[in-house]
Amino acid sequence: PEDLNKIFVTLQGGTRLPELEDGPPCPYIVSSIGSQTHITRTLGPSTEPVWDMEVAEFNLPPVDVRRRTNLHLKLYHWVASQSQLLGEARVPINQLAGFTAKPQECSCSLLRPDGNPLRGKDLQKSEVHILVMITKGSGQAAPVSMYKGMQGSKLPPGGPPFA
């Protein structure tokens, strides 16, 4: 519906991220819709990162543009003052249209920059897990239900990916 114009995305975590030459990645995610961007905090080395309460709020484009619009998730590794793109996922906004009554879980398989699946331990596909809810926007904060079941970060936070 046209009156639904906000999308809240809770970046929960990732599973089966690949080990790198120097060990597990120090991951962070850049999520975006169009020119709107949210960057998570960088976590300590982990192949199973947990961001928990990182909520990104985006304004949705007009209804006629939504079917060509994606929620874009890019997973990076932060090391030695550099970012390395590990994988990305695109979720068409029109696939999320029914996520209005309460937050819905969504798992997104990641693709490497070459277009092949990003794979971790035992060659299983790497994924990012999110909660998504679309609402009427009136300057409100994220619905309390976006935080349901979340318990603070379980991994040590790193520095911000960009100075």
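Of the 163 residues in the protein chain, 47% are buried, where buried means under 20% relative accessible area, exposed means over 50% and partly exposed lies in between, using a 1.4 Å probe and protein chains only. The structure is a predicted model, in which local features need a pLDDT of at least 70 and side-chain atom pairs count only at pLDDT 80 or more, while totals for chains, interfaces and linings use all residues. Residues are numbered from 1 along each chain as its sequence is written, and side-chain values use heavy atoms, with hydrogens and water left out.

The pLDDT, which is the predictor's confidence in each residue from 0 to 100, averages 80 over the protein chain, and 80% of the residues score at least 70. Over residues 139-163, however, the pLDDT is below 50, although this stretch has 58 contacts in the model beyond near neighbours in sequence; a contact means heavy atoms within 4.5 Å. Where pLDDT is low, the predicted coordinates should not be read in detail.

The protein chain has one helix and eight strands, arranged along the sequence in the pattern β-β-β-β-α-β-β-β-β. Helices (H or I, at least four residues) and strands (E, at least two) are DSSP runs, numbered from the N terminus.

An open sheet of four strands has the order E3-E2-E5-E6, with antiparallel pairing, and two strands count as paired if DSSP finds at least two bridges between them. Strand E3 (36-39) and E6 stand at the edges with a single partner strand each, so one side of each is left without a neighbour in the sheet. From one strand to the next, the twist averages 20°, where axes are lines fitted to C-alpha atoms, for helices over the stretch in contact, and angles run from 0 to 180 degrees between N-to-C directions.

| Pair | Bridges | Direction | Residue pair |
|---|---|---|---|
| E2 and E5 | six | antiparallel | Val-30 and Lys-74 |
| E2 and E3 | four | antiparallel | Ser-31 and His-38 |

Seven of the seven residues of E2 are buried, so this strand is largely enclosed by the rest of the structure. In a regular strand the side chains alternate between the two faces of the sheet. In E2, Pro-27, Ile-29, Ser-31 and Ile-33 point one way, whereas Tyr-28, Val-30 and Ser-32 point the other way. The hairpin of E2 and E3 has two residues between the strands, and Gly-34 takes a positive phi near 60° there.

The largest nonpolar core has 30 residues, and those with the most contacts inside it include Ile-7, Leu-71 and Leu-96. Such a core is a set of buried Ala, Val, Leu, Ile, Met, Phe, Trp, Tyr and Cys residues joined through side-chain atoms within 4.5 Å. Among the elements that give two or more residues to this core are strand E1 (6-15) and strand E8 (127-135), and E8 supplies the largest share, four residues. Not counting residues up to four places away in sequence, Leu-96 touches Ile-7, Leu-71, Val-91, Val-132 and Ile-134.

The structure holds zero disulfides, a disulfide being a pair of cysteine sulfur atoms within 2.5 Å. Cys-108, which is buried at 4% relative accessibility, has its closest cysteine sulfur in Cys-106 at 4.0 Å, which is too far for a bond.

Asp-122, by contrast, is exposed, with a relative accessible area of 63%, and its place is in the loop between E7 and E8.
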